[in-house]
Each structure stands twice: as structure tokens, then as C-alpha cells.
Amino acid sequence: MTRSPYFGLYLVAAVLLVLPFVLPNAFYMDLAIRMAINAVIVLGLNLLIGFAGQISLGHAGFIGIGAYASAVLTTHFNWHPLFAMAAGATASAILAALVARPIFKLKGHYLAMATLGLGIILSIVITNEGAYTGGPDGMPVPGFALFGFELSGEKHWYWVVAAVLAISIWASLNLIDSPFGRALRALHGSEVAAQVVGVDVVRYKVAIFVMSAVFASLMGSVTAHYVGFVTPGVAGFFHSIELVTMVVVGGMASVYGSLIGAVLLTALPQALATFEGWETVAFGAILVLCMIFMPKGLVPTLAAKFGRKG
Amino acid sequence: MLAQFLQFLFSGITVGATYALAALGFTLIYNASNVINFAQGEFIMLGGMLTVFFMEVGLPMPAAIALAVLVPAIVGVLVEKLAIEPAKGAETVTLIIITIGCSLIIRGIVQVWLGKNTHTLPPFTGGEPIAILGATLLPQSLWVLGVTAVVVAALWYFFSRTLAGKAILATSFNPVAAQLVGINTSWVLFISFALSAALGALGGILVAPITLTSYDIGIMLGLKGFVAAVVGGLGSGLGAVLGGLLVGIVEAMSAGYISSAYKDAVPFLLILAILFFMPRGLFGAKVTERV
Amino acid sequence: MALLDVSNLSISFGGVKAVQHVSFSIDAGIVYSVIGPNGAGKTTLFNLITSVYKPTEGEIRLDGRNIAGAGTHVLARLGVARTFQNLQICMNMSALENVMVGAHLRLDRNLLKAALRFPALKRRDAELRVEAAELMRFVGLEKYIEARADAMPYGALKRLEIARALAAKPRLLFLDEPAAGLNPKETIAVDHLVRKVADSGVTVVLVEHDMKMVMNLSDRILVLDYGKKLTEGTAEEVRRNPDVIAAYLGAHA
């Protein structure tokens, strides 16, 4: 490779820098922010699904934990948003670790079921504990103030989220081409081989599951403060499926695929907003067609066509 | 005390029968193709919704029911031919996602075509509850249990006594070997998906007079049916039936004695418990990987 | 003291007694082969010693320490490496990465340091890349250094697995049918390779059907039949043993 492995990252950074000056109004800024938030979550999820070859059909549950930790702890208990965010991330990490260890000893569909079950349970808990969470209607979230500076509006949040995205891409690229990352990919390629070279397979699966859960939780908190409101849908089954769709369509085991998947599938509901009902059908059709004709996802398939590494 | 217990038991067994039929559907498809069909729940939904539709269009109930079992069977075959077969040999993640995609398509179409309202079906033979030891049992429940029992018996007979049934089982154990002795494995897949969808739809029709039906009941019912299949042991028909009844009863008991708000969470807590402590379920088989 | 000491090792699968009361010991630095007709339990024995299976009876001592059922990744830490009869290559990675992964335990596996790209980590990785390329040359795969694993032919992949095993710098290397599925020319190449590996100081334990290769390479041979130890000795002793001849050719005619 004659190019720096960070070439793509520099491109993305350039786009991120230019975007605010190019976008016509707040609506598009908002869309960009949501795309970036989803991209970070999807990056974490892709490490789990694409690189380590595991499944999570309940990841929105962790987003819910982060979002509601931020909402509830700041509103009802007067915690500082930063601590609330950390609490959410810690809770997600602990929960992920507890559930992962027994589950990762099993395979394929059992893992899918367990993560699915977990996500649904979380979503039900959030909906039911109305006294704290505002129930099915949701609850407002206070603003986020850092050292006296209040983050409000698209302009502020954009830079925060853009920075987080850039760092996440950088960290992911580093991780993949490292002993840890190779061990993960080896585990996906052949668990038996990975074990024989000394990889503690269960520990690694748990580690990456926890890491992706923390990513999701942190971004859940960010979303909560940015939007200023949370509803139980954020932890729902459909949201989990949306995220998996982004991973799968963009490209499993591809960092830039995660970006593309997040961008495309955050924009899609907007485009289909006027055709309620068809949105579901469209999502379903995209999933099916993508998996049949482009099982590796958009970016890796295109990269292979043009003869470059994905 | 007894009356209350019986009440919960009756409602648990009734809904458990639907789960059992759904679980049987999962098991059939899993045995035939190693695929977990996440669209199974939508077949259940189609059963109830299509019956409503056909009756509104003017058909008498028996005809509506017959069609509402046939059409999902056809949809099942379409799913197999258009979505599963083209992706043959793909990774587990891929197949799971494909079936989820199919479930979205089916649900979305029903949502657009038939709307988001809840509908009800008239009970098959009248709505007067029967009193038993202080608890009430709906006649419809008897229909649910009766038909399910007949169906399970028929399936048992089919798989253990007929050549066609044994052919399907053979394919599930070793598709290549089955092909080599002349079993048409495409046909086996075809039948499995059709039968599985029909079973699900039947379950949905039977229970619709009691629990109502709408475009989005498929998700929960399907997932709980899958829980039942795993509890019983993926791949075991007996396990599917017992698993379904068990899940239904545990759910009803929890809703009655502990908290009805968390009713829907119970099957998922159950599956996490099973996966943690007894992943093979009640009747599942152990497999060792050859290196 | 022998490097590896196996005593009274047994395992059953359901009703099948795959390995029964097998005992033998392997000294450091030799080439030790396990032979026997198909179904004799050779790969099962391998799987027992490398902790893929847990024995129902018996002990396996490495340097005097019982390792039965300890777990494959534990054995890697103790300097044991192996290849597989049915190739276990990570097709989703490049050839070089497959070899690099073999050195897993010799590197800093810290997640945080990796994500933050600590310079020391990066340097070690670059060194490992060079070392992995060297290993690929050692096993005769120079022309595949830039290749992806899924683009390589079967024979090359068999040698890639050996390179991966060597990347761990093991003291004990188990080779499960390294010549299976190879043509005569490739088989001779593997024969030479195993000799090179043994000469570099690694104790090699071999399961192999190719008798010429076995007789050529082995310092000692263990013969299994129906899961039981038939005999053990030098190549000459085993070659002349009438029971061995009977087991292979079937004296019950």
C-alpha cells in the first residue's frame, strides 16, 4: 500500500470540516449530526458483527441505557451530565459483561436470541418504570453544560459529534491492525485456530461486546442531550434492526462501510417519511436484497470490484 | 385461590398452544434448512388478519379460515424460494438478517394494505364462558387446544409413520445423504416452509377471537414462539410443543401473580435463563465439532 | 525427564472407546510419529494432548505438569503449537496476518494501547510483519507473502499453517497429517520442511499416513490400532514388527 492507511480518515475529516459551511440550513445540520451519531454506534457494532463475527440484535438496549441514564440521573437526581453519561456507560459495560460471558459460549442463533431478549427486556423496563422514565411518552432531558459553557443547538453539537466520529474512526483503524484486532478477526475466521495460538476466545468476544455496548451507551447519552428528549423507542427492537442494517448494508468488517451504511440509512427514513408503512417494506427489501446480492456489504463489494482493499 | 390459579392456567395453556404451533413452525424450518425463520411471527399475524379481511369481503368464516391458512403457506414458499434459496450457504448472521428483512416486508405490506387498526374475530362457537371450579374457560380456548392437539397428533403420525415425513426428517439430519438416496431436497424445503407458515397462521386464527389481531402482533408472538422452541430444545418437535405450553403458562402465572406490566418480558427472561443454564433446552441434542 | 509424558490416557464418545489406556513418553528434540490404520484414534490422541478434548481417564504431563483438559489456549502459553488435519486457516485474513496471529502470545494484546496506537506496539507489529515474511520464506511460501489466504492453493495453505505454528516459537509442535492431500513433489517438500524444523530444535510430533515420510523422519514411532497402543520403538523396530504388519495389511484373511 503506497498510501497512508489513514487516507480515508483524512478524507472524512476534510468533509467534516467543510460540511457546516456547505449545508443550507439547520435541518441538514441536524441530519448530519444524526448520521455521525449513528456512524459511531455502527462502528462499534461492526467491530462486533463484522470483525469478530458475532451477532447483536438488541444493541439499541444499550443506547437506551445511556440515553435514560442521562435523562433520569440529571433530572431526578441532579447529577452532572458528564457523570450521568459515565454511569450509563458503566452500567452498559457491566450488563454486557454479565450477559456476554455465558452467551458467547454458544453459537449463531442462540447469541442472536440472547441479545434480542436482552434488548426487549431493557425496552420493556424503560417503558414500564414511568415514574422515573416518563413511560411510553418519554421525558425531556436537560442541557449539557461543560465548565459553564452550555452546549446548545446544531452548531455546537456538530463539532462535538464530528470530533467523536473522527477519533472513533482513528481508534477503530488502529485496533483492526493490531494484535488485538488480528485476534478478533482470527476468531471470526476460525475459532479453533484462534484458540490454538493462545487467544482466549470467550474473553475476546466479551471484550468487544462490552466495547461496542459502551460506544452505544455514550452515543445514547449524547443523543439524549442533543435532542433534549427521550422516548422508549430508542431502545426498541426496530432501532436494533436499523443499526444491524447499517452494518450489513455498509459493509461488515469495513470501517468506511460503517460510515456509508450509517449515512445512507439515516437519510432513508427522511426520504420515505411521507410514505409511512412503505418505510418498513423498504427496509425489509433492502436487507433481503443486500444480503443476497452483496453479502459483504456495499463498500467491500465495490472495493473488490475496483481491485482495492476494502 | 384455586379459581384464580385455574384462571391463569387456562389462559396460559390457551396462549401456550399458539406458541406451540409457532415453535413447531420454527422447528420444522430449522430441521429442514438450519435457518431460524424470524418471519415466523408474521405468518401468525397473517392468519388472523387475513381471516378478518376475507370475512369483510363477504366470505363465510370456514372459507375465510381456509384461505387464511393457504395464503400464508404460499407466502412461506415465496420466502423460501425468493429469499432463502438464493442465499444458500451463507453465514448464520446473513440468513438471520434475511428472514428479519422478510418479516419487515410482510408486516409493512399488511400495514399499508389493511391498516393499523386492531380487529376482532367472532369466536367459532359462541362466546358464553364455561364455568369450571370457579374459573371461566372460553369455548374458543377449547377450540384452540382441541385443534392444536389434533394438528400435533397428525404431524407426529406424518413424521413417524409416512414415507414423506421420514424423508423430511432424513433431509434434516443429512441433506447430502438424503439427496443421494433420491430424496428431492428442494421439495422438502418447499413443504417445510409451507407447513410451517400454515401452522403459524392456524395458531393466529385460533387465538384471534380471544386476543384480537393487528398488523404488529407478529413480532412478539414470533419471538415468544422462538423462545418456546429453544426452551424445548431446537430441533425437537416434542420440545416445541411442551416448550410452547410451558412459556404460555409461566407467562400467565407471572402476569397474574407478580406483575402484568412485565408480562411480555417474562418469556425473554426465561430464554436468557435457559441459554445460561441449559442451552440445549429440555429435549435438544448435543453436538461435538470435529476438528 | 521426558518432555511429554502420557499415561493411561483414555476417552470415549458415547459408546465408542476412541482411545484406551495409551501410555508413552517423548523426549525433547526428537521427531516422534504416531501411525496406525484409519480410525485408530491418532487425531483423537492429538486432540486429547492439545486439549481440544478432555480425557475420561489418564494423565498428560508436560515438563512434569499435568495438562489434561487444561484448554487449548493454555497450552499455547506452555509452548505447544499444532496444525490441523482439516486445515483451520482464517480465510478472512491475508496470508501474512495468518502467520502473525500465530505469534499472538508474544505480543502486547492490550486493547487500549492498540486503539491509541502506542508507538511501542506499532514498532513490535512492524517487526513481527518482517518476521512473519521470514517464516513464510522458511516454509517455502515466498511467492505468497502478499497474498490473501483465500487465494492460496491447498498445498500452500498446509504449509501456511506450519508457518503460523512456528510463529509462536514453540518447543513442541504437533503436525496432524501435514502431507494429506499433497502430490508426491509437495510431500517431499514437506518432508524436508519437517526435517528443517526438527533441526532447529523443536520437538516434532507427527501423525502421518505416508510411510516413506514417517520412516525417513522419525526417531521413534508409536503405533495405534483400535484406540490401543500396539507397539512403540525406532523406525527399524516398528517396520519389522509382525503385529504392525498385520494391523495394516490385515492378517485375518
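Me: Is C:N8 buried or exposed?
Reply: Count the neighbours. C:N8 has 12 other C-beta atoms within 10 Å. With C-beta atoms placed from the backbone, 20 or more others within 10 Å make a residue buried, 12 or fewer exposed, and counts in between partly exposed. Therefore C:N8 is exposed.

Me: What kind of model is this, and from which number are residues numbered along each chain?
Reply: This is a predicted model, in which local features need pLDDT of at least 70, side-chain atom pairs count only at pLDDT 80 or more, and totals for chains, interfaces and linings use all residues. Chains are lettered from A and ligands numbered from 1 in the order in which they are written, and residues along each chain, as its sequence is written, are numbered from 1.

Me: In which strand of chain C is C:N8 found?
Reply: Strands (E, at least two residues) and helices (H or I, at least four) are DSSP runs, numbered from the N terminus. C:N8 is not a glycine, yet its phi is positive, near 55°. Its place is within residues 4–13 of chain C, strand β1.

Me: Is C:E177 buried or exposed?
Reply: C:E177 also has a positive phi, about 50°, without being a glycine. C:E177 sits in the loop between β7 (172–176) and α7 (184–199) of chain C. It has 20 other C-beta atoms within 10 Å, so C:E177 is buried.

Me: Which strands stand at the edges of the six-strand sheet in chain C?
Reply: The sheet is open and mixed, in the order β6-β7-β8-β3-β9-β10. Two strands pair if DSSP finds at least two bridges between them. Two strands of the sheet have a single partner each, so one side of each lacks a neighbour: β6 (80–82) and β10 (228–233) of chain C.

Me: Which residue is the bridge partner of C:L222?
Reply: β9 (residues 220–225) of chain C pairs with β10(C) in the antiparallel sense, over five bridges. In β10(C), the partner of C:L222 is C:E232.

Me: How are α9(B) and α10(B) placed: parallel, antiparallel, perpendicular or oblique?
Reply: Axes are lines fitted to C-alpha atoms, for helices over the stretch in contact, and angles run from 0 to 180 degrees between N-to-C directions. The axes of α9 (residues 217–232) and α10 (residues 237–257) of chain B come within 7 Å and cross at roughly 120°. Under 35 degrees is roughly parallel, over 145 roughly antiparallel, 65 to 115 roughly perpendicular, and the rest oblique. That makes α9(B) and α10(B) oblique.

Me: At what angle do α2(B) and α9(B) pack?
Reply: Helix α2 covers residues 40–56 of chain B. α2(B) and α9(B) are oblique to each other. Their axes are 7 Å apart, and the angle is about 125°.

Me: How many residues of the contact of α2(B) with α9(B) are nonpolar?
Reply: Residues are in contact if their C-beta atoms, placed from the backbone, lie within 7 Å. Contributors include B:I44 and B:M45 of α2(B) and B:I219 and B:L221 of α9(B). Ala, Val, Leu, Ile, Met, Phe, Trp, Tyr, Cys and Pro count as nonpolar, Asp, Glu, Lys and Arg as charged, and the others, Gly among them, as polar. Five residues are polar, one is charged, and the nonpolar ones number six.

Me: Which element gives the largest share of the side of chain B that touches chain A?
Reply: The contact takes 37 residues from chain B and 35 residues from chain A. Elements giving two or more residues on the side of chain B are α4 (92–114), α9 and α11 (266–277). The largest share, 16 residues, comes from α4(B).

How values were computed: Contact = placed C-beta atoms within 7 Å.
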